[in-house]
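My notes follow in the order I took them.

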Amino acid sequence: MVPLSHKCPLFLVGDPKKYDPSFKGPIQNRGCTDIVCCILFIIAVLGYIAVGILAWSQGDPRKAIYPTNSRGEFCGQAGSELEKKRLLFYFNIMKCASPMVLLSFQCPTTQMCVEKCPDKFMTLVKAYTNKKDFQYYKTFCKDNGIPAILRDGLCPPMLIPSKSFTRRCFPSLGLKGGIITIGNSTTFDDGLGKTDRPAKDLVDGVKNATVVMEARQVVIKIFEDYTHSWYWILIGLVIAMLVSLLFIVLMRFLASVMIWFIIIAVILVIGYGIFHCYMEYADLKGEPGANVTLQELGFQTDFSVYLQVRQTWLAFMIILAIVEVIIILLLIFLRKRILIAIALIKEASRAIRHIMCSLFYPLFTFLLLAIVIAYWAVTAVFLSTSNEPIYKVMNESACPHSAETCDPNYSTSQIKKDCPDSECLFAFYGGETVYHKYLIGLQFYNVFLFFWCANFVTALGQMTLAGAFASYYWAAVKPDHIPSFPVFSSMGRSLRYHTGSLAFGSLILSIIQIIRVLLEYLEHRLEGAKNKCATFMFKCLKCCFWCLEKFIKFLNRNAYIMVAIYGKNFCASASAAFSLIMRNVIRVAVVDKVTDFLLFLGKLLIVGIVGVFAFFFFSGRVKAFENTAPNLQHFCWTGFCFHGSCFPLQTVAIGSYLIAHGFFSVYAMCVDTLFLCFCEDLERNDGSAERPYYMSSTLREILWKDKTEDPQQQDEHGELKKPPADEKDEA
């Protein structure tokens, strides 16, 4: 039998570790690593704080919710002259077709507050010839008392019959014979020289503007739903936390029983899902319209329609049955490896029993991640709402101040005296300061630092737990030689000596993630081009960077373990971890990954338990809670309709998974750390009295069952050596 390490190139596997009598676990006498990256990270975070302060001083999040005119005044604001003018009117709605509408929350046209929307067709030129029409028209002008009312920019070029939607005036578009109409007409006079402009030209402007308005309205409705159900969501998340904690505590004492319980429970939960789908399928038999096929039904924006069709439940039942069969087959084929993985989890439970505070460390990680996410979200909103209306000098005759920026109330200014026929008119939303010129760059910086800080927090948690569990493994006599407060000691070492290494690893991962975001953005921008070659290229790039991100996460995780143990820089630790993994690649594949699979089933079970409970509660299907469940709104956005319980239910499900992942990640990190330490222990020691193993007898029995041992564990005939008795096993 040729050992695996003899088949791999030497530069991949590296040299095995040598026996070192002075090595007693995580090195205490260590120095700072990756100092340059540490300094860079500190500077970046200070810059991030400066960006946040700048955004908070310039932005106004109320602009994202309430209608504002071109001067930044809120329509309908109590105590102001606009108190009775609650609606927002756009001078030229067709300019809202600009993509910038979706980025700046503003339409690049003059906007003013009005009491009611226009209800008739009218152009400025025609209205001026009729005194009665002109009086009506002037109510939609910026200064309805000026003599030269025909000057461009003071009044809209046209009025179109409109209706109020989210306190904004939008054209009353219709459909007649498949043709878009406005006021029963297929054309309109735009007041700019085109008297027969097709009504469909208004669609893009209305569409872009309504996407933003609908988004605002949806956010408001979601917020209202959360205000009605937040305490029930909180109760669901607390239940998820208690269930996760209960599972972890029980695994301390009954690891084998709990793992088998998780496996059987997942199978039963999916089985119940199959049964429920069958019952729904059977109950719809004979119902009117229930036998319509999905192909005949076509695409429906109201997803609840599909639940009234028998074929939908049949499809769900088949999908769940396939998942059930796959899980059962995996369990059958991996039964021996599952027994080894269960024993490895039992050993991890023993380590966690001696380091109980590690179970609560995820709460600290959640707190830090919540701060990072909240800071990013608030900064993004303030940056998006910090654009200002810009006014320019417009004139018909020669003027030295033409196109200069001006104050809209400049009738007494020197510019007005120099150019009497000039006007200060709205030009665009943005700004001409350095801040506004680099606003897009600041948004990009906000996203990038969000990834970097979030990855740094995750990395800190991984290195902290790795250092604590490595202290347990390399303790000669457990638990006597385990240092006091191993989690706090490990976190102190990580922050004091290895902030640069944490920043380095998280920086690499953040660069890959930001590239993936840019690829998504570019692909979205090219959707209308219908270029199959470009689409294929983007799909390939997205796939490659997805794989690269997964690999870097795996490499970083193991590199942090090596940094926690040896105190070397990130690159040296990543190289050492990769070489150690390549020398034990089959063990990693069949033992470590099976353990991850079992822990993943545990997460699914917790999400399933809490999710099913939340579904029946929020949907009002349990009579005992029918009057207790909050009354949530149904709403639609971009043509898609959602049930009111959709977002609270998703919040509970996603939150439950994150909570379960946080607690089970302690076990996953413990298993990974013990596994790497075990591999190093096999290379450093041989089990003799001079070079005894640090692993417990239980762990040795677990992993000696793997017949793909290193050449060090084989005799001259290629047979496995018998595991020697360990004189240092714990009592």
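I began with burial over the whole protein. This is a predicted model. Of the 731 residues in the protein, 46% are buried. I counted 21 helices and 14 strands in the protein. For contacts with a separation of 6 or more, 73% come from residues 24 or more positions apart.

**Entry: serine 471**

I went to helix H14, residues 439-473, where serine 471 lies. Is serine 471 buried or exposed? Its relative accessible area is 8%, under the 20% cut-off, so serine 471 is buried. I followed its side chain next. The side chain of serine 471 reaches the backbone oxygen of glycine 467 at 2.9 Å. I also listed its contacts, leaving out residues up to four places away in sequence: serine 471 touches Pro26, Ile482, Pro483 and Arg493.

**Entry: H3 against H14**

I stayed with H14 and looked at its pairing with helix H3, residues 35-58. The two axes come within 10 Å and cross at roughly 130 degrees. That angle lies between 115 and 145 degrees, so I logged H3 and H14 as oblique to each other. H3 passes H14 in a left-handed crossing. On the H3 side, the residues in contact include Phe41, Tyr48 and Val51. On the H14 side, they include Tyr445, Phe450, Trp452 and Cys453.

**Entry: glutamine 513**

I moved on to helix H16, residues 499-525, which holds glutamine 513. Glutamine 513 has 10% relative accessibility, so it counts as buried. Not counting residues up to four places away in sequence, I found glutamine 513 touching Phe451, Asn455, Glu549 and Lys553.

I checked backbone angles last. Most residues other than glycine have a negative phi. Which value of phi does aspartate 34 have? Aspartate 34 has a positive phi of about 50 degrees, although it is not a glycine. I placed aspartate 34 in the loop between helix H2 (10-13) and H3. Its relative accessible area is 18%, so aspartate 34 is buried.

Phenylalanine 485 also went into my notes, with a positive phi of about 45 degrees, and it is not a glycine. I found phenylalanine 485 in the loop between H14 and helix H15 (486-497). Phenylalanine 485 has 61% relative accessibility, over the 50% cut-off, and therefore counts as exposed.

Notes: Residues are numbered from 1 along each chain as its sequence is written. This is a predicted model: local features need pLDDT of at least 70, side-chain atom pairs count only at pLDDT 80 or more; totals for chains, interfaces and linings use all residues. Side-chain values use heavy atoms; hydrogens and water are left out. Helices (H or I, at least four residues) and strands (E, at least two) are DSSP runs, numbered from the N terminus. Buried means under 20% relative accessible area, exposed over 50%, partly exposed in between (1.4 Å probe, protein chains only). A polar contact is a pair of N or O atoms within 3.5 Å; within protein, one must be able to donate a hydrogen and the other to accept it, and residues adjacent in sequence count only if both atoms are side-chain atoms. Contact means heavy atoms within 4.5 Å. Axes are lines fitted to C-alpha atoms, for helices over the stretch in contact, and angles run from 0 to 180 degrees between N-to-C directions. Angles under 35 degrees count as roughly parallel, over 145 as roughly antiparallel, 65 to 115 as roughly perpendicular and the rest as oblique. A crossing is left-handed if the near helix is turned anticlockwise from the far one by less than a right angle, and right-handed if clockwise.
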